[in-house]
Amino acid sequence: MKNIRFDNLKVAEGVYVPEIGKTYPQEGPDQSLQHPQYIANRVFDETYPYLDDSLKFRLNNWLGYCFFLYPIVFTVNRIKNGLRIRGRENLRKYRKQLKGGAITISNHCNRLDAPAVLDAVHANHRTRIPMYAPNFNTKDYWYMWAVGGIPIPEGGLQAMKLFNAAFDEFHRRGAWFHIFPEAARWDAYKPLRPFQKGAFTMAYKYNMPLLPCVITFRPRTGIYKWFGSPDEPLLTVTIGEPLFPDITNNRRDEVNRLREAAHNTMQKMAGIEENTWPVVPENE
């Protein structure tokens with residue numbers, strides 16, 4: 001089937017574009033392509049503890065990082081997805097500027113892409129990740145909750161106020177945030193999709209640096225053929241140099257500047273010479 005997003009995509013020589021036999025939409029870049037099974041009926045309104053300081057959460061959060069994420073999930077990612085990490089010199093170069101917290105952003109293209117970025121930046125248990133609320137009703141609930149996932153409220157002004165207040169406090173405590181500005185996960189998708197403005201609004205509000213990370217693909221070769229199907233690509237995370245908000249600038253203008261700068265930077269990092277999606281969603 002003809003797809004203009006791929007037909008018109010131009011990448012640098014040697015850049016791998018995977019073909020996994022999947023048909024991707026040509027419009028609606030933030031629509032979900034996943035169809036998870038919901039096994040619970042949790043409600044994410046003003047009654048949900050977006051800022052959870054309970055002993056139960058703090059214990060599970062620590063255990064989730066120390067005994068599940070680092071030794072198990074990160075190892076699985078290295079073996080199954082052949083994860084490679086590049087650009088850690090930028091963490092060292094900007095250590096002072098990143099000390100008070102940063103917002104990592106990346107393309108959303110694999111089930112284990114968030115752990116890949118967390119691994120790349122040596123994340124700790126204070127990291128917080130805004131997530132699609134309905135997915136907290138799947139079998140992955142404990143994992144998402146324990147690693148610092150915060151459900152984005154599904155509606156209601158009061159719930160959104162509590163969500164925002166929680167992130168105010170997380171920032172005060174020096175937490176790092178991770179956000180997927182493309183919103184929805186499209187597996188092994190090479191073009192960079194439009195960015196929602198949430199990450200950039202947050203960067204301006206908190207005067208936090210943005211740390212662009214790009215996940216690119218490699219063909220599955222060698223021993224990695226034992227751990228995945230031949231058309232399932234291997235992953236590389238590249239950490240770019242941070243982008244810093246100018247809070248003396250008008251908020252709307254600065255959010256747009258950061259969004260465009262991030263999109264352009266990540267496009268170059270991904271080896272894309274001509275992208276086929278705009279920077280800003282057409283329906284915004």
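User: Take helices (H or I, at least four residues) and strands (E, at least two) as DSSP runs, numbered from the N terminus. How many helices and strands are in the chain?

Analyst: This is a predicted model, where local features need pLDDT of at least 70, side-chain atom pairs count only at pLDDT 80 or more, and totals for chains, interfaces and linings use all residues. Residues are numbered from 1 along each chain as its sequence is written, and side-chain values use heavy atoms, leaving out hydrogens and water. The count for the chain is nine helices and nine strands.

User: What is the radius of gyration of the chain?

Analyst: The radius is taken over C-alpha atoms, and the globule rule is 2.2 Å times the number of residues to the power 0.38. For 284 residues the rule gives 19 Å, and the chain comes close to that, so it is as compact as a globular protein of that length. The C-alpha atoms fill a box of roughly 50 × 45 × 40 Å along the principal axes. The radius of gyration is 18 Å.

User: What share of the 284 residues is buried?

Analyst: Buried means under 20% relative accessible area, exposed over 50%, and partly exposed in between (1.4 Å probe, protein chains only). By that cut-off, the buried share of the chain is 50%.

User: Which residues have the most contacts inside the largest nonpolar core?

Analyst: Such a core is a set of buried Ala, Val, Leu, Ile, Met, Phe, Trp, Tyr and Cys residues joined through side-chain atoms within 4.5 Å. In soluble globular proteins, nonpolar side chains tend to be buried together. Here the largest core has 66 residues. Those with the most contacts inside it are Tyr50, Ile103, Ile105, Phe167, Phe177, Phe200 and Leu210.

User: Which residues does Phe167 touch, leaving aside neighbours within four places in sequence?

Analyst: Contact means heavy atoms within 4.5 Å. On that basis, the partners of Phe167 are Arg128, Pro130, Ile150, Phe177, Met202 and Tyr206.

User: Are the rings of Trp62 and Phe67 stacked or edge-to-face?

Analyst: Rings of Phe, Tyr and Trp (its six-membered ring) pair if their centres lie within 6.5 Å; planes under 30 degrees apart count as stacked, over 60 as edge-to-face and the rest as tilted. The structure holds 23 such pairs. The Trp62 and Phe67 centres are 5.7 Å apart and their planes meet at 70°, so this pair is edge-to-face.

User: And are the rings of Phe195 and Phe200 stacked or edge-to-face?

Analyst: Phe195 is buried, at 0% relative accessible area. Phe200 is also buried, at 0%. Their centres are 6.0 Å apart with 15° between the planes, and the pair is stacked.

User: Over which ring does the charged end of Arg5 sit?

Analyst: A charge sits over a ring if NZ of Lys or CZ of Arg is within 6 Å of the ring centre and within 35 degrees of the ring normal. Arg128 does this over Phe170, at 5.2 Å from the ring centre. For Arg5 the distance is 3.7 Å, and the ring belongs to Trp277.

User: Which residues is Ile247 in contact with, beyond four places in sequence?

Analyst: Ile247 lies in the loop between strand 8 (234-239) and helix 9 (251-269). Its relative accessible area is 44%, so Ile247 counts as partly exposed. Lys205 is 42 residues away in sequence, yet 8.1 Å away in space, C-alpha to C-alpha. The contacts of Ile247 are Tyr204 and Asn207.

User: Is Lys96 buried or exposed?

Analyst: Lys96 is found in helix 4 (residues 95-98). Its relative accessibility is 74%, so Lys96 counts as exposed.
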